[in-house]
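Student: I've got a model open and I'd like to learn how to read it. Can you walk me through it?

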Amino acid sequence: MTTQTTDTPPAVAGGNWWREHSELGVCAMLLALGVLVLTDALTMDVDIAQRGPVGPKTVPVVVGAGLLVIAALLALDVLRGGRGQAEGGEDIDLSEPADWRTVLLLAGVFLGAAVLIEPLGFPAAGALLFWGAAYALGSRRTDRDPLIAAVLSLVTYAVFDKLLGVPLPGGPLMGVL
């Protein structure tokens, strides 16, 4: 009785080349982001008088060039056989599938808050955001969570709008408060 073992690499044994080099997707994203940053920086209309060599375009040009260099170096490493280490997963079981329900609920809560912030104002939209996020992440305390969300939202509004001077939309409730 003989058993056969294959030491053939997955790419040769019918695996997908792109799957083996998936880090190239990160390289493409970094490349696109670098081109976008450089394009915006170089086409920026500077109306203020520039004093010295450092102006408003300097930092975006450096960041954009850095993104391009990082993208090229990472692509070179991946094509030479470099691979990122798999995440160890300190407190998660990597063998379990992703919890798409939670991800979609959180995405819906964030999108809803973004849509509602202008008509309802930050305090109301923020309270819905905090309450919805708590619900999506597993909290089912309907007696406590809305109150905590409302207080957290009002405190956040007060800190940003009143203390830091960052104007946030108050909405119709601000006339009452």
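Predicted model: local features only at pLDDT ≥ 70, side-chain atom pairs only at ≥ 80, totals over all residues.

Student: How many helices and strands does the chain have?

Tutor: There are six helices and zero strands, so the pattern along the sequence reads α-α-α-α-α-α. As for contacts between residues at least 6 apart in sequence, 56% of them join residues at least 24 apart.

Student: How do I describe two helices that pack together?

Tutor: Two packed helices are described by the angle between their axes and the distance between the axes. Take helix 4 (residues 100–120) and helix 5 (residues 122–136): their axes come within 8 Å and cross at roughly 175°. Because angles over 145 degrees count as roughly antiparallel, helix 4 is roughly antiparallel to helix 5.

Student: Which residues in helix 4 and helix 5 meet?

Tutor: On the helix 4 side they include Leu105, Leu106, Val109 and Phe110. Among their partners in helix 5 are Phe122, Leu128, Leu129 and Tyr135. Sorted by class, the contact has 16 nonpolar, two polar and one charged residues.

Student: Now Asp161 in helix 6: is Asp161 buried or exposed?

Tutor: Buried is under 20% relative accessible area, and Asp161 has 16%, so Asp161 is buried. Asp161 sits in helix 6 (residues 145–163).

Student: What does Asp161 touch?

Tutor: Leaving out residues up to four places away in sequence, Asp161 touches Val166, Pro167 and Leu168. The side chains of Asp161 and Lys162 are also joined by a polar contact of 3.2 Å.

Terms used. Residues numbered from 1 in each chain as written. Heavy atoms only, no water. Axes fitted to C-alpha atoms, helices over the stretch in contact; angles between N-to-C directions. Helix = DSSP H or I, 4+ residues; strand = E, 2+ residues; numbered from the N terminus. Parallel < 35°, antiparallel > 145°, perpendicular 65-115°, else oblique. Contact = heavy atoms within 4.5 Å. Nonpolar A, V, L, I, M, F, W, Y, C, P; charged D, E, K, R; others polar. Buried < 20%, exposed > 50% of the residue type's maximum accessible area, 1.4 Å probe, protein only. Polar contact = N/O pair within 3.5 Å; in protein donor to acceptor, adjacent residues only side chain to side chain.
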